[in-house]
Amino acid sequence: MIFPSFPIWIYTNPTLLKLLLDPLFINQESGQYPNQYSMHDLGSHYPNATGHAAGNDEPQPLEECGNMLIMTLAYAQRAKDTAYLTQHYKILNQWTQYLIAEALIPANQISTDDFAGPLA
Amino acid sequence: MCSYTLTLLLVSPMSSTSLFTRLRSLLNLSIEWASADNSAIAQWEYGVAPGSAPASTRRRSRRRRQINNNTDSTSSGGIAYHKFYRQTQLLFSETADQTDFGSWYWATDNVAKLTHQSGSDTDVRGAFSSNGALANTMDTNFRAINNKYPTFGFAVDLGSVSSTPISTLFTIGLTQEQAVQFDGANGDVSVPSLWTSYYPTELDAVRTPNISSLHSHTLATSQLPHSLWWQISYYLNLIPPGSKRKYEGPSSVTLLISTVNLLPH
């Protein structure tokens, strides 16, 4: 949901995008999300952003890893905030490694257009 | 980030036929905003508070422009508000994707020609249909939402309306002290709503945004290439000046609704 909307945040105020990304970093860098790829959401139902300790959120592994890298870089460039990249380098690299290993021949999975169903 | 849930509703009728007439408008909210569980018991109140609370010291004050709109609008009249909510608050809970906690505010400038009423939907709208005004009374029978659907009305007598719009500003707000639960660095914590960082009370958060805040944000949004404004038709009760005369009043009513970032700077 954030990725399809992020052009409006980047255009109007990049800090808004950072505010959307921060909780995702906080939760996943704490080690409370067990998967190597990026999580899809912080909670199945608003207002409970209680995470997914079992790692069983709606799986969009390649989508979300790609989204986080693209959005984080977009924010850092627009806001001239390279410190943000340094701060989150470890997990950004983790997601990058996942993409390197998995993106060339994707497994059957859904994308952000989850209504379209899984594709391989 | 978006936990300052407040919407300004600007009602700006004008007459496209250049006929001078007497326009009285009714806007009302139903208790159904308070919960999607129609069997839930609700409670409500009515009050008048001074306009414009001072924000907390974290941000510098924005210089406010004086905008003249409804000619009876004076800041000394303050803000009139209906407040309504579930009697039993269910923190961090929703029914059918609608929140079950927090308080709803429905407010407008407390001008001389404003009347208000709370009561069943038929009573409130019936009073306006019969009299062109509300009774300035409050229903004290707190009850289930679906028990004659308590309704909260404001009626404004705008007098003559020409091709120059006369604006009345309304506020719809939901105030929740705690906004969400978040699984942070050390487990689940509750996160307060953003307005609590700027205002000491929820009423302060509701009564501060005014027409000059709307205009300053209108300027900002109008600079976007694709306007975020949209015009919608809204339900307004309009009654003719005389009960037996055919209605010949304003033939176009445009409402602009904008949800804006209303934090003070």
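User: By which rule do two strands pair, and how many bridges join E1(A) to strand E11 of chain B?
Analyst: Two strands pair if DSSP finds at least two bridges between them. Strands are DSSP runs (E, at least two residues), numbered from the N terminus. This is a predicted model, in which local features need pLDDT of at least 70 and side-chain atom pairs count only at pLDDT 80 or more, while totals for chains, interfaces and linings use all residues. E1(A) and E11(B), residues 178-184, run parallel, and the bridges that join them number two.

User: Which residue in E11(B) is the bridge partner of Asn48(A)?
Analyst: Residues are numbered from 1 along each chain as its sequence is written, and chains are lettered from A in the order in which they are written. The partner of Asn48(A) lies in E11(B). That residue is Gln181(B).

User: What is the strand order of the open sheet with mixed pairing?
Analyst: The sheet has three strands. Its edge strands, each pairing on one side only, are E1 (48-49) of chain A and E12 (187-192) of chain B. The order is E1(A)-E11(B)-E12(B).

User: How much area do chain B and chain A bury between them?
Analyst: Buried area is the accessible area (1.4 Å probe) that two parts lose on being put together, summed over both. Carbon and sulfur atoms hold 59% of it here. The total is about 1400 Å².

User: Which element gives the largest share of the side of chain B that touches chain A?
Analyst: E11 and E12 of chain B each give two or more residues to that side. The largest share is six residues. They come from E11(B).

Conventions. Side-chain values use heavy atoms; hydrogens and water are left out. Helices (H or I, at least four residues) and strands (E, at least two) are DSSP runs, numbered from the N terminus.
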